[in-house]
Amino acid sequence: MIQPHGISSIQDKELFLKNRSTLITDVLLPNKKQVDIWYDDTGIIRAVGPEVAKEHRSEADITLDGSGTLAIPGLVNTHTHGAMTLLRGYADDMHLQQWLSEKIWPLEAHLTGDHVYWGTKLACLEMIKSGTVAFNDMYFFMKDAARAVDESKIRAVLSHGIITFGNEEKFETELKATDDVVHYVRSLHSPLITSAIGPHAPYTVPPDHLSICAEYGHKEKILLHTHLAETKQEVDDCQKTYGMTPTALLDKAGCLSDRTVAAHGCWLSEDDCRLLGERGSHIAHNPVSNMKLATGRAMPYHWLSDKGVNVSLGTDGCSSNNNLDMLEEMKIAAICQKFFWNLDTLLPAAEVLSMATSCGAKALGYAGGEIKEGMPADILLVSLHCPSMIPLHNPVSNIAYSADGGAVDTTICNGRILMRNRYVPDENEIIKGASSSADDLLNRAGIMA
Ligand SMILES: O=c1[nH]cnc2c1ncn2[C@@H]1O[C@H](CO)[C@@H](O)[C@H]1O
Ligand SMILES: [Zn+2]
């Protein structure tokens, strides 16, 4: 059980309202040092150290008692499809292409903006409850997703998933949808939300359309979010049709830069990894989705890190995972690499924690993912009173290998407290709204809920 500590008046909605100058006292850092953390009302960490409480207690609007907790940076999910929470458990145990074309895409054809709003609200709730403070999202009706994210107060990069199969009319519509999201997100003036262009994959968007996507991304100075080298079939088909790997194809179309986040990369060759390194592109690793959809090969982490590629972590959508728990994802990433490549030292605990935090922030293009002066106050307080956190020989090991999202007691994003003592305001309304929205989607598709 999580022990309540610090401010226990969880009904005090004031606590959740806006950024305050906040002092967190007596908290443990992963290096086992006990410190206080102070951040001001801009949401930036101003001091971390043993004497900080003495100096700043009088300035703090709020004091959180951090004793009995471990502070780690908020987690960054660099590849997901948030509103797919509504499809959780809808289609399991299938091959990727069959799963997409026979189950997922036909149901997604019935989606409305309202479904995406509620699905994204549920995704944000689940992320806050498991310690994720930022995510890279690709889906449909992204203005509705943006509303949901804006209300949830976490960070997000939002892209409309472009699928054209070479159809010019469809491409026009997809570009218009992208442009609408880009402008809508800018109109929100939120420091937490940005947009991206999201050509779904080299097998759903042909090279001429990819080139136009790349140009648009460069012009708007936004990220390009895509899927890459997920299956062997994708690589073989691409070789057959275009005489090159999907990575080389993306590069030829101008899609690879330091503003590119490509999900999966299971079937990358060593040459592909070198090219990604040269371009400064980022790979989002999604081991649970890859294992569940039996992509047949684990992303070659050793090749990517050798070539200097920034590798971050993602969950993928809730229909291939089936949750958004990044603590769980960290463990599976670390053990999947060791198992698949038969290398027991590959992806050690500290590296997988960085993968889920600072490497994620780097991929999404913002400074973050570390608890230190000058960084945004994206902080999790993980309960040390959980069976899975005891004993505490090595806090980093417990985080990477033992804890799951349920151990997170407090989630803070950009200085704002989003969860305290595992309480999130509006949780019940979100669960109710999302449940009925999922039923409505299945009804519209003619499937009895
Ligand atoms: O693992 C995956 N591989 C390929 N496509 C996916 C995967 N997971 C979700 N989608 C699909 O990507 C589109 C996003 O806009 C959606 O159609 C979603 O179902
Ligand atoms: Zn995906």
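In the predicted model, helix α5 (residues 142-152) packs against helix α6 (residues 168-188) at an angle of about 25 degrees, and their axes lie 9 Å apart. Angles under 35 degrees count as roughly parallel, and α5 and α6 are therefore roughly parallel to each other. The crossing in which α5 passes α6 is right-handed. On the α5 side the contact is formed by M142, K143, A146 and D150, and on the α6 side by D180, V181, Y184, V185 and L188. Six of these contact residues are nonpolar and three are charged, with no polar residue in the set.

Helix α5 also packs against helix α4 (residues 113-129), here at an angle of about 35 degrees and with the axes 8 Å apart. This crossing, of α4 past α5, is again described as right-handed. From α4, the residues G113, V116, Y117, T120, K121, C124 and I128 take part, and they meet D144, A145, R147, A148, V149 and S152 of α5. By class, the contact of α4 with α5 comprises seven nonpolar, three polar and three charged residues.

The UniProt record, an unreviewed entry, carries the annotation "domain: Amidohydrolase-related" over residues 71-417.

Ligand 1 is surrounded by 15 residues, and the closest of them are I104, M138, Y139, G161 and G317. Two elements, α3 (96-108) and β7 (132-139), each give two or more residues to this shell. The largest share comes from α3, which supplies four residues. In terms of residue class, the shell around ligand 1 contains seven polar, five nonpolar and three charged residues.

Several features of the backbone were also examined. Most residues other than glycine have a negative phi, and most peptide bonds are trans. In the model, a cis peptide bond joins N321 and N322, with omega of about 5 degrees. The second residue of this pair, N322, is placed in the loop between β13 (310-313) and α13 (326-341). A cis peptide bond also joins I390 and P391, where omega is about -5 degrees. P391 belongs to the loop between β14 (379-383) and α16 (395-402). A positive phi, near 60 degrees, is found at D93, a residue other than glycine.

Methods:
Residues numbered from 1 in each chain as written. Chains lettered and ligands numbered in written order. Predicted model: local features only at pLDDT ≥ 70, side-chain atom pairs only at ≥ 80, totals over all residues. Axes fitted to C-alpha atoms, helices over the stretch in contact; angles between N-to-C directions. Parallel < 35°, antiparallel > 145°, perpendicular 65-115°, else oblique. Left-handed = near helix turned anticlockwise from the far one by under 90°. Contact = placed C-beta atoms within 7 Å. Nonpolar A, V, L, I, M, F, W, Y, C, P; charged D, E, K, R; others polar. UniProt positions renumbered as here; feature names shortened; annotations may be inferred. Near = placed C-beta within 6 Å.
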